Amino acid sequence: SKFHQGKYLDFVGLVETKKEIVNPGWLADLGGDVPFNWHFQPARGTSGGILLGCRNDTLQITVGDVCKFCLCAFMQDKVSNFGWNVVVVYGTPYDENRVEFIDELHSIMSTLQGPIMMGGDFNLSRWVSDKSNGRINQKWAACFNDWINRWALIELEPANRCFTWANNKKN
């Protein structure tokens, strides 16, 4: 697979594809020699777009909601039958749509049962320390933290980076 040299991923979620349509040849190339089942939420204009894929040989996927900001699916391991919900998120970067985004996150969480794995780009910061310039909108940080706390979510901290790919560091 082209996702990681020599190692295969069982599933992947990509955000901000900026694609309104996806070419089947591009998807086949993305998966490499591993058979993947792909699901897609198109971009709106020049932003957004979500792609979710899983290996056909190890996982069964059932797509649930394709919302404005999220793509939801249920994945089940074909050997163990263990299943979990996957939610791939691309949050709005614009203040005027943030209430709608937070409402959608609450709605999704209220309908899912069982284990949930959620990730993507929320376009929100939780803490001042999350930003390289130390500036965040406290109103939206509070709304985001309230949502996280209400649903008892656990944030997995990346071990090898401080901010984002645009952190202006050489390495």
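**Reading helix α1 and its chain**

Tutor: This is a predicted model. Of the chain's contacts with a separation of 6 or more, 53% join residues 24 or more positions apart.

Student: What makes two residues a contact?

Tutor: They have heavy atoms within 4.5 Å.

Student: How many helices and strands are in the chain?

Tutor: Three helices and seven strands. From the N terminus, the order is β-α-β-β-β-β-β-α-β-α.

Student: Which residues of α1 are called buried?

Tutor: Leu27, Leu30 and Gly31, in a helix that spans residues 24-31. Buried means under 20% relative accessible area, so each of the three falls under that cut-off. Across the chain, buried residues make up 33% of the 171 residues.

Student: How do you know that the buried residues of α1 line one face?

Tutor: Look down the axis of α1. Its buried residues fall within an arc of 90°, so they line one face of the helix. An α-helix has 3.6 residues a turn, so residues three or four places apart point the same way.

Student: What covers the buried residues of α1?

Tutor: The cover includes β1 (11-15), β2 (36-41) and β3 (50-55).

Student: What follows α1?

Tutor: Glycine 32, with a positive phi near 65°.

Definitions and conventions: Residues are numbered from 1 along each chain as its sequence is written. This is a predicted model: local features need pLDDT of at least 70, side-chain atom pairs count only at pLDDT 80 or more; totals for chains, interfaces and linings use all residues. Side-chain values use heavy atoms; hydrogens and water are left out. Helices (H or I, at least four residues) and strands (E, at least two) are DSSP runs, numbered from the N terminus. Buried means under 20% relative accessible area, exposed over 50%, partly exposed in between (1.4 Å probe, protein chains only). The arc is that of the directions from the helix axis to the C-beta atoms.
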